[in-house]
Amino acid sequence: MDVFLELAVILIVAKLFGYLATKVKMPGALGQLIGGMLIGPSILNIVSYSEGVHLISEMGVVLLLFLAGLETDVEEFKSVGVPAFLIALGGVIVPFVMGYYLSEWFGYGRTEALFLGGVLTATSVGLTASILMEMKRLRTKEGTAILASAVVDDVLGIIVLTTLIAMHRKGHVYIEDLGILVGEIAVFFIVSWLVGRPVVKEVLLLSERIDLPETLTAFALALTLIFAYIAEQFRIAGITGAYLAGVLIAQTDEAKRISDRMITLSYSLFVPVFLVGIGIKTDIGILLHAGMFAILYSIIAIIGKIIGCGVGALIAKFKPKEALRVGVGMIPRMEVALIMANVALTEGVFDKGIFSIPVTMVILTTFITPPLLKWVFSRE
């Protein structure tokens, strides 16, 4: 199929299936993923995954992380306090360790096991927030803790992904090298922050003097791509650079205008193509016969967050009932987990068979969260 028709079909499917998902109280992203499976080679075989679609999909990943950075409030991140950090840290460490050892036990190599563990660290609380809002529980102690922890979780997830990619590209995954890698990443962030803040501010001010349509948006996009390129030169994931560009631009006076424009640009083309593309690349045959490992991996994803975040909440002096609610609220995985899995596929760590395992996990955690959340909040 011609690439223009492919993109037209993908965009229609993305919005249609995304809308249908929201009507049954599920995230729109899940509907787009399922729509991609339907039109992909495994079922109807309407759309393939051509080079043009791939390029736009990769831009979708970059823009998603840029928007995540743009929405990261540095002051809020500083003020969320010890409880949110403990909850997020537990929710990263426990699923990662459980996922890693389960994968090794099933015979996966160390690099594959590390990435499979890394995928489990991500949390997507959009579904949780919508359910708690519907139940009028979003502004409770537990709801506030979940939202605050999600801020920290995003940053920790980026660090985990960046570290794994750096380890993979260096050609070894020895634990003793972890400190060096984290140090390199820290240097990248610190230098980029110190040098990047004044540079970004000046570049955006310069763009305001050029009297052409959407110059500010174009310069913001250019900065995002430049930061992604610089990150790649440090053998760090390009999406980390994009995330950092978003954080830096969020500190400027132009942040709100840029955010509005970039959301329009991203969600009208790039992000839908990325999410539907994930579905297109998923082998339904493997998904339907996911096997014992995929099921156990999904169970670990659920239990890992409940235990990890729950223990973090208990340490932060939450009651057991409150800690359980926080843990359940942190279960869903969506965009960030799919980004991690997609990066592992692009890097050659995952093949299509392994790639289908995180997709299975995303679907199962998304479907299990609403009834679990309603149940734990009904237990007064």
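I started with α6 and α17, which are roughly parallel to each other, because angles under 35 degrees count as roughly parallel, over 145 as roughly antiparallel, 65 to 115 as roughly perpendicular and the rest as oblique. This is a predicted model, where local features need pLDDT of at least 70 and side-chain atom pairs count only at pLDDT 80 or more, while totals for chains, interfaces and linings use all residues. Residues are numbered from 1 along each chain as its sequence is written, and side-chain values use heavy atoms, without hydrogens and water.

**Entry: α6 and α17.** I looked up the axes of helix α6 (residues 110-119) and helix α17 (residues 352-378), which come within 11 Å and cross at roughly 20°. For my own reference, helices are DSSP runs (H or I, at least four residues) numbered from the N terminus, and axes are lines fitted to C-alpha atoms over the stretch in contact, with angles from 0 to 180 degrees between N-to-C directions. I then listed the contacts (heavy atoms within 4.5 Å): Glu112, Leu116 and Val119 in α6 meet Ile354, Pro358 and Met361 in α17. By class I get five nonpolar, no polar and one charged residues, where Ala, Val, Leu, Ile, Met, Phe, Trp, Tyr, Cys and Pro count as nonpolar, Asp, Glu, Lys and Arg as charged, and the others, Gly among them, as polar.

**Entry: α2 and α12.** Next I turned to helix α2 (residues 28-39) and helix α12 (residues 255-281), whose axes lie 6 Å apart at an angle of about 50°. These two are therefore oblique to each other. On the α2 side I noted, among others, Ala29, Leu33 and Gly36, and on the α12 side Leu275, Val276 and Gly279. The contact of α2 with α12 holds nine nonpolar, three polar and no charged residues.

**Entry: Gly36.** Leaving out residues up to four places away in sequence, Gly36 touches Val13, Val276, Gly279 and Ile280.
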